[in-house]
Every structure is written in C-alpha cells, then in structure tokens.
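Biologist: I'm new to this one. Could you walk me through how to read it, feature by feature?

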Amino acid sequence: MRTELYDLVTHKGVFMNMQQMMKQAQAMQRRLADAQAKLKDITVSSSTGGGMVKVEGTADGKITSITLDPEALHPDDVELLQDSILAAVNDCLASASAAANQQMGAVTGGMNIPGLF
C-alpha cells in the first residue's frame with residue numbers, strides 16, 4: 001500500500017538523497033584511491049650544505065635516494081654531515097607531505113579529512 005509518505009521518502013525525499021549520497025561517496029572513494037596510487041609517481045627532492053647532500057623521495061613518503069658529495073665526507077665534519085643529512089631528509093619528507101596534500105586536496109575539495117593522508 002503506497003502512501004504519500006512512502007512516495008516522498010522513496011522517490012522524492014530522504015531515500016533517494018541517501019542513495020545519491022552513497023553513490024557520491026563511492027565515487028569519491030574511487031577518486032581518492034586513484035590519487036593515492038599516483039603519489040608514488042610524484043618525485044620530490046631537497047638539498048642542503050650547498051648541494052653536498054641531496055635527498056630524493058616520492059609523495060607517498062618514501063626516500064628513494066641520498067647522494068653525498070665526496071667532499072662532504074671529511075672526518076672532522078661528521079656532525080655537520082649528519083645534521084645536513086637530517087635536514088635534507090626532513091625537508092624532502094615535508095615536500096612529500098605537501099605534494100600529497102595538494103594531490104588529495106584536489107579530490108576532497110580542500111576538506112581536511114583526518115587520517116586520510
């Protein structure tokens with residue numbers, strides 16, 4: 001038995017809106033998964049010590065290479081080298097995070113969704 005309330009809820013109202021919202025959420029999940037998959041293809045890099053330490057990574061947070069200029073390997077400057085490596089790695093990871101936020105923000109419309117990326 002159909003009533004006006006049934007028609008309103010299933011055809012013109014809440015039920016249809018819920019179905020539409022679920023479809024939109026599923027589409028957003030697919031776009032987010034695609035965007036996350038692309039993060040491994042975005043390369044970021046950093047350099048410190050006047051180019052003596054170079055670090056490369058990807059936007060998914062992986063460091064892919066560290067290059068040291070042989071002149072940076074002076075036994076008297078071990079602490080300086082360590083600091084330079086640490087600074088370059090942290091800068092590279094910060095760049096990776098920024099690139100990931102930009103990529104994912106394009107999908108979420110700039111909404112910050114905790115734990116997403």
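Here is a short chat about strands, a helix, salt bridges and a surface patch.

Modeller: First, this is a predicted model, so local features need pLDDT of at least 70 and side-chain atom pairs count only at pLDDT 80 or more, while totals for chains, interfaces and linings use all residues. Residues are numbered from 1 along each chain as its sequence is written, and side-chain values use heavy atoms, with hydrogens and water left out.

Biologist: Which side chains along strand β1 are buried?

Modeller: Strands (E, at least two residues) and helices (H or I, at least four) are DSSP runs, numbered from the N terminus. Buried means under 20% relative accessible area, exposed over 50%, and partly exposed in between, with a 1.4 Å probe and protein chains only. In β1, residues 43-48, V44, S46 and T48 point to one face and are buried.

Biologist: In which sense do β1 and β2 pair?

Modeller: Two strands pair if DSSP finds at least two bridges between them. Here β1 and β2 (residues 53-58) run antiparallel, with six bridges. S46 sits opposite V55 of β2. The hairpin has four residues between its strands, and G49 takes a positive phi near 65°.

Biologist: What span should α3 have?

Modeller: The expected span of a helix is 1.5 Å times one less than its number of residues. α3 has 31 residues, so it should span 45 Å; its end C-alpha atoms are 44 Å apart, which agrees. Its buried residues include L81, A88, C92 and M104. Just after α3, G109 has a positive phi of about 70°.

Biologist: How many salt bridges does a search of the whole structure find?

Modeller: A salt bridge is a side-chain nitrogen of Lys or Arg within 4 Å of a carboxyl oxygen of Asp or Glu. The search finds two. D41 meets K40 at 3.9 Å, N to O, and D41 counts as exposed because its relative accessibility is 56%. D60 bonds with K62, their closest N and O atoms 3.6 Å apart; at 32% relative accessibility, D60 counts as partly exposed.

Biologist: Which residues form the nonpolar patch?

Modeller: Patch residues have over 30% relative accessible area and no salt bridge; nonpolar side chains (Val, Leu, Ile, Met, Phe, Trp, Tyr) are joined within 5 Å, like charges within 9 Å. Accessible areas come from the Shrake-Rupley method with a 1.4 Å probe, and for residues only the protein chains shown count as cover. I63, I66, L68, L73 and L93 form the patch, with about 390 Å² together. Strand β3 (residues 63-68) gives the largest share, three residues. L73 lies in the loop between β3 and α3 and is exposed, at 51%.
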